Amino acid sequence: MKPMKDELAKIMDRRQLTSEYRKMVQDAVADPDVQTFLSANQGKLASDAVVRGAAKIYEFVTARDRLAAGDPLIAPGYQPQLVVSNGLIDITYVATPEKIAQDALAAKSRLITALNMPKAIKNADIDTYDEKDRGQALSAALDFTTGMAEAPDDFHKGLYLTGPFGVGKTFLLGAIANDLAKHGIASTLLHYPTFAVEMKDAITDNSVLAKTDGIKKAKVLMIDDIGAEAWSAWVRDEVLAVILQYRMQEELPTLFTSNKNMQELTAFLSGSETGKADEPVKAQRIMERVRFLAKEITVGGPDRRNV
């Protein structure tokens, strides 16, 4: 594709004006899109606007036709548009509907931070979530997202989704995150067992506080698969407790999924299941924060991963 500015410079050289050029301009002015523009703006245009704007009109028609033919312009995703500027005809380039849609999708994606989460949650949709055996969970999820959309700066009690493997707890978190993103609300989804391992590794480079700080301040935090991590008193007291304490004090929406119900999670956090420790008081302190932040809901049904 020849640079358009070179072509325009050539045809605007009055020494090279020919009948061919005059016909090109006449054809451009007679173009239906141009005529529609002229009719719509006749009250705004100067009497000599068409003559003085011949090059702009020609550029518009040429660029539009090239784009229609699949020949991309210098700025992909943009299309030409005639405008009125100080009584004269000018041209600007505006985003195509496709680019607008792509940008909106990209903006939505940027609102969701998924740390070590399955790819499937990217397409999770709360509107198509199968409510069979999961009606209570879906209803609670809809109440939560509606409340957040109506009052994003208020505290909204989150969900503690518990149930067997594969019933759709994590998928529902993803659906909630995607629904919140439609309303411009950011969320962070965190696979907790992986995060616990990474936090232990962070001790070596003194990045524990920085990483914990970023998680605890998330607009909406979703902690996935809590209770599936290897038991660690340090992770419980120096990581989980810090995150939940901050979120309780600041009243920040927090959601959880777990294969353990709250009573079972309490036993796990105490360390009694491991035989290495039994610290019920510390476990209860954690659970007080969990209960403040979220209500327990059982998700039922078959293992949908193997359907």
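Author: A crossing of two helices is called right-handed if the near helix is turned clockwise from the far one by less than a right angle. In this predicted model, the crossing of helix 12 and helix 13 is right-handed.

Reader: Which residues of helix 12 and helix 13 make the contact?

Author: Helix 12 contributes Met262, Leu265, Thr266, Leu269 and Ser270, while helix 13 contributes Pro280, Ala283, Gln284, Ile286, Met287, Val290 and Arg291. By class, eight of these residues are nonpolar, three polar and one charged.

Reader: Why are helix 7 and helix 8 called roughly parallel?

Author: Their axes, for residues 135-150 and residues 169-182, cross at roughly 25 degrees and come within 10 Å. Angles under 35 degrees count as roughly parallel, and therefore helix 7 and helix 8 are given that description. Their crossing is right-handed.

Reader: Which residues of helix 7 and helix 8 meet?

Author: Ala137, Ala141, Phe144, Thr145 and Met148 in helix 7 meet Leu172, Ile176, Asp179 and Leu180 in helix 8. This contact has seven nonpolar residues, one polar and one charged.

Reader: What percentage of the residues in the chain is buried?

Author: Of the 307 residues, 43% are buried, that is, under 20% relative accessible area.

Key
Residues are numbered from 1 along each chain as its sequence is written. This is a predicted model: local features need pLDDT of at least 70, side-chain atom pairs count only at pLDDT 80 or more; totals for chains, interfaces and linings use all residues. Side-chain values use heavy atoms; hydrogens and water are left out. Helices (H or I, at least four residues) and strands (E, at least two) are DSSP runs, numbered from the N terminus. Contact means heavy atoms within 4.5 Å. Ala, Val, Leu, Ile, Met, Phe, Trp, Tyr, Cys and Pro count as nonpolar, Asp, Glu, Lys and Arg as charged, and the others, Gly among them, as polar. Buried means under 20% relative accessible area, exposed over 50%, partly exposed in between (1.4 Å probe, protein chains only). Axes are lines fitted to C-alpha atoms, for helices over the stretch in contact, and angles run from 0 to 180 degrees between N-to-C directions. Angles under 35 degrees count as roughly parallel, over 145 as roughly antiparallel, 65 to 115 as roughly perpendicular and the rest as oblique.
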